[in-house]
Amino acid sequence: MNLKNRLAIVTGGGQGIGKEICLKLVRSEAKVIIFDVNEESFNKTVEEIKAIEGKILAFKVDVTKYEEVKKAVSYVIDKYKGIDILVNNAGIARDSLLLRMKKENWDKVLDVNLTGVFNCLKAVIRCMMKQRYGRIVNISSIIGLRGNIGQANYSAAKAGIIGLTKSAARELGRYGISVNAVAPGFIDTAMTSQLDKEIVEKITSQIPLLRIGKPEEVASLVTYLASEEAGYITGEVIRVDGGMAM
Ligand code: NAP
């Protein structure tokens with residue numbers, strides 16, 4: 001994809017899927033700005049990407065804090081005179097069965113995974129509407145499509161992202177802005193690395209492609225959806241899951 005002179009914000013871009021999204025975007029010649037809370041990981045990613053001459057910056061931004069997001073987005077728009085791409089990737093999981101789920105873990109997961117998407121989307125759309133151009137890609141999950149034991153908070157947030165994506169696509173299409181969701185399956189990142197080997201084997205056996213996904217396989221689709229070439233796709237939810245949720 002050619003994303004020359006395009007400016008992208010990637011939330012949670014310090015590690016995992018977000019880091020691979022940043023890498024693919026800079027390889028397509030976009031300028032990338034990471035919004036992430038984990039300074040240690042985003043500093044490493046910035047160094048790594050600068051070493052391959054990628055144009056990248058990172059700011060410590062908590063997507064749950066609306067004023068913080070607004071301030072950071074205003075700074076970016078003032079400095080670069082626009083914003084073309086927003087990838088809402090920051091997310092967390094706090095799993096437990098409903099009966100044991102603490103209210104604070106319900107709130108936290110909804111706050112980061114869903115309200116965080118609203119906050120960033122709200123902060124960029126005025127500028128994208130004025131430009132009559134924008135690409136917004138929201139990272140949902142197959143768990144938002146089909147639910148999962150022990151993930152009521154996470155699945156509610158990820159399903160919420162799908163509703164938000166479709167409404168935003170309907171509202172913003174007339175301004176040349178596309179809004180899509182990507183629903184990864186089981187992907188090899190820090191988020192999934194704590195699972196027991198036996199659980200991983202059981203999950204893998206249920207995936208038609210019989211393997212866990214790689215972060216770069218999600219990033220390839222995100223990069224396509226962020227490109228001009230994907231301009232006639234909006235309001236879509238696309239799975240990258242090895243066939244797991246079909
Ligand atoms: P990850 O490795 O945990 O990376 C997520 C990044 O987001 C981390 O750097 C994290 O910082 C940051 N972050 C957390 N809360 C934030 C906040 N409030 N504001 C800004 N940044 C924040 O996760 P991942 O596995 O790459 O997942 C990326 C996205 O894909 C998430 O939305 C996730 O739900 C989704 N997804 C993942 C999988 C999977 O199998 N991995 C499957 C489906 C969907 P900390 O390290 O400090 O938390």
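Start by selecting Cys127: with a relative accessible area of 14%, this cysteine is buried, since the cut-off for buried is under 20%. Keep in mind as you click around that this is a predicted model.

Stay with the cysteines for a moment. Show the sulfur atoms and look for bonded pairs: the count comes to zero disulfides, taking a pair to be sulfurs within 2.5 Å. From Cys127, draw a distance to the sulfur of Cys120, the nearest cysteine sulfur; you'll get 14 Å, and Cys127 is in no disulfide.

Now jump to Cys22. Is Cys22 buried or exposed? It's buried, with a relative accessible area of 0%. Cys22 is in no disulfide either, and here again the nearest cysteine sulfur belongs to Cys120, 13 Å away.

Two packed helices are described by the angle between their axes and the distance between the axes.

On the H1 side, pick Gly16, Ile17, Glu20, Ile21, Lys24 and Leu25. On the H9 side, they meet Pro215, Glu216, Val218, Ala219, Ser220, Val222 and Thr223. Colour this contact by class and you'll find seven nonpolar, three polar and three charged residues.

Key:
Residues are numbered from 1 along each chain as its sequence is written. This is a predicted model: local features need pLDDT of at least 70, side-chain atom pairs count only at pLDDT 80 or more; totals for chains, interfaces and linings use all residues. Side-chain values use heavy atoms; hydrogens and water are left out. Contact means heavy atoms within 4.5 Å. Helices (H or I, at least four residues) and strands (E, at least two) are DSSP runs, numbered from the N terminus. Ala, Val, Leu, Ile, Met, Phe, Trp, Tyr, Cys and Pro count as nonpolar, Asp, Glu, Lys and Arg as charged, and the others, Gly among them, as polar. Buried means under 20% relative accessible area, exposed over 50%, partly exposed in between (1.4 Å probe, protein chains only).
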